[in-house]
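Please read the points below alongside the sequence and the model.

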Amino acid sequence: MGGNGWKWLLCAPALVVLVLAASGPLVIVAIYSFLSPGNMGGVTWEFSTEAWFRVFFRRDIFEPDLVTWNTANLAIFWRSVWLSIQTTVICAVLGFPTAWFIATRSPRSRPFWLFLITIPFWTNLLIRTFAIQEMIRNNGTINTVLLWSGLIEQPLQMLFTDFAILLGMAYVFLPLMVLPLYAAMDKMNLSLIEAGYDLYGSRGAVLWHIILPLVKPGFIAGSILVFIPAIGAYVTPRVLGGGQSLMLGNLIALQFGQGRNWPLGSALAMLMLIVVVVALVIYLRTVGRSDGERRV
Amino acid sequence: MSERGAFSVTRIPGFGLIAITTFVLLYLPIVILVIFSFNEGLSQSVWEGFSLRWYEAAFANRQVRDVSIRSLWLAGVAAGLATVLATLAVLGTTRVGRFRGQTMIYALINQPLMVPEIVTGIALLIFVASIKVQTGYTGMGYLVAAHTAFCIPFAYLPIRARLETLDPALEMAAADLYASPVQAFRHITLPLMVPGILAGFMLGFVISLDTVVITEFVKSAGQDTLPTYMLGQLRRTITPEMNAIATLFLLLSLVIVTAFFLITRTRGR
């Protein structure tokens, strides 16, 4: 059937655009993280590991030999990871019953419930974040209702806190947890659950020993799908988090705006990419392992 | 264990309640946002009567009109280009057997899905900045290229799914009837791929409309799209005009998503 040249030819236009406007620039970021910052943004072409050094450490202004941890950067890094883990857990706790609910509807009504989950997924992330902002601002819906009911005397400060970021991220990323969980439950063999009850398993035992292991691949896929955009979040912390509650994405953006340190921003972006790759590798390895289990 | 008669293996106590609560929580903020777009007064949390004044204000706002038109134009162009490129790539990678480099092609196509938008955004900022210095070009080309690349994986998936379900016997029948490969493609394969191609275009369109971070870092002065305009406004004191804009925007997404669902659902039959 001739060579494979025509296959490459058909793919070439898409690959050219992808390399130019998606993958290629990432290589430039990697290179920039090893250059020196220019005066007005940009870089000067001198090799330097200073940017990577400054991601983790800081030098004393008066005694350059005195090196301490860069606690400001590390705190933001840790906050991003921690908020992303919390978001993933919240999505899992709410997403599991929701996916179960959809999977146990009659086959006729299932598409409707799936559609309900999918709509928010395809509506603009910014609009959904804006909707959350409206709910939790000081004169927003929640505070208005609480004040009116007399439960509180002063509005609760929810906007511009870590709680707001957490709420916003769980809200926008929840469908990403529900859909893979549903996919896993859809394939589940119900007779295994029946067997569990026939053998006098309690509801808790059946849930823990039969259902959870069966939907584990869905949990892993959902966790990755939630964790990756959460660790990369920029819009949600910017709109809901305020100046004090930065995440890694905002710290990166800062280096290309007011901060004007492109190499540092590039190094931080590479760090984010490394976290994502590590998460993906963990995902692929656990999926590979649970596939192996199933074959046994 | 007392409910002998009504025992169902799929029932887990409390799950239904959590699920319904989740659905309510998912829609409540959006519903409230829509309701207050019709508010007579300035408040977004105290109802003061029905009015369309914020819609009138939104339509009269020149800047809103400009950024909306730019968003729709960009989404149309980028999704259109991405659909053409993705269709070609699907034909090169689907139903053709495995070949060397296929994994790399998949990795490149799916890469925009894996990398956080902020990383792609600053990467493009750096790249575009150096091209601007070299060429002096500051037009919409950068945004078109960035959005097209970002839309390709989303357009690729439904088109590929469609081609995979096509029966090769149809093309063989065409060949038996002395159709040339080009004729068979033109009159059999391509028309059958149309639902997938349409779905791919719509997905790309919605994704382009949704993209805010990449646009924010790639755009030059005066190239705001509706999302970057909204992002800028959210930091200020906002009026229900923003609710009205968001509601119209939501309506557009809803129409496209519904159409997408209808197209992809009829596919299976």
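1. The largest nonpolar core has 157 residues, and those with the most contacts inside it are Ile122(B), Ile152(B) and Ala155(B). A nonpolar core here is a set of buried Ala, Val, Leu, Ile, Met, Phe, Trp, Tyr and Cys residues joined through C-beta atoms within 7 Å. A residue is buried if 20 or more other C-beta atoms lie within 10 Å of its own, exposed if 12 or fewer, and partly exposed in between, with C-beta atoms placed from the backbone. Helix α7 (residues 162-186) of chain A gives the most to this core, namely 17 residues. Helices (H or I, at least four residues) and strands (E, at least two) are DSSP runs, numbered from the N terminus.

2. The model is predicted: local features need pLDDT of at least 70 and side-chain atom pairs count only at pLDDT 80 or more, while totals for chains, interfaces and linings use all residues. Residues are numbered from 1 along each chain as its sequence is written, and chains are lettered from A and ligands numbered from 1 in the order in which they are written.

3. Ile152(B) shows how residues from both chains meet. Leaving aside neighbours within four places in sequence, Ile152(B) is in contact with Ala14(A), Val17(A) and Leu18(A) of chain A, and with Ala82(B), Leu85(B), Ala86(B) and Ile109(B) of chain B. Two residues are in contact if their C-beta atoms, placed from the backbone, lie within 7 Å.

4. Between the chains, 66 residues of chain B are in contact with 69 residues of chain A. Several helices of chain B each supply at least two residues of the side that touches chain A, among them α3 (62-93), α4 (102-114) and α8 (181-210). The most comes from α1(B), with eleven residues. The residues of this side of chain B divide into 52 nonpolar, eleven polar and three charged. In this division, Ala, Val, Leu, Ile, Met, Phe, Trp, Tyr, Cys and Pro count as nonpolar, Asp, Glu, Lys and Arg as charged, and the others, Gly among them, as polar.

5. Axes are lines fitted to C-alpha atoms, for helices over the stretch in contact, and angles run from 0 to 180 degrees between N-to-C directions. The residues that make the contact include Ala14(A) and Leu18(A) of α1(A) and Ile109(B) of α4(B). By class, this contact has ten nonpolar, two polar and no charged residues.

6. A second pair is helix α5 (residues 125-136) of chain A with α1(B); the axes come within 9 Å and cross at roughly 80°. This angle makes α5(A) roughly perpendicular to α1(B). Ala131(A), Ile132(A), Glu134(A) and Met135(A) of α5(A) meet Pro29(B), Ile30(B), Ile32(B) and Leu33(B) of α1(B). The contact has seven nonpolar, no polar and one charged residues.

7. Inside chain B, the axes of α3(B) and α8(B) come within 8 Å and cross at roughly 140°, which makes α3(B) oblique to α8(B). Residues of the contact include Gly76(B), Gly80(B) and Ala82(B) of α3(B) and Gly200(B), Gly204(B) and Phe205(B) of α8(B). The contact divides into ten nonpolar, eight polar and no charged residues.

8. Two loop residues deserve a check of the backbone. Phi of Phe160(A) is near 65°, a positive value in a residue other than glycine; Phe160(A) lies in the loop between α6 (141-149) and α7 of chain A. Phe160(A) counts as partly exposed because 19 other C-beta atoms lie within 10 Å. Phi of Tyr178(B) is also near 65°, and Tyr178(B) belongs to the loop between α7 (168-176) and α8 of chain B. With 7 C-beta neighbours inside 10 Å, Tyr178(B) is exposed.

9. Which residues does Arg95(B) touch, not counting residues up to four places away in sequence? They are Leu163(B) and Pro168(B). Arg95(B) lies in the loop between α3 and α4 of chain B and is partly exposed, with 13 C-beta neighbours inside 10 Å.

How values were computed: Parallel < 35°, antiparallel > 145°, perpendicular 65-115°, else oblique.
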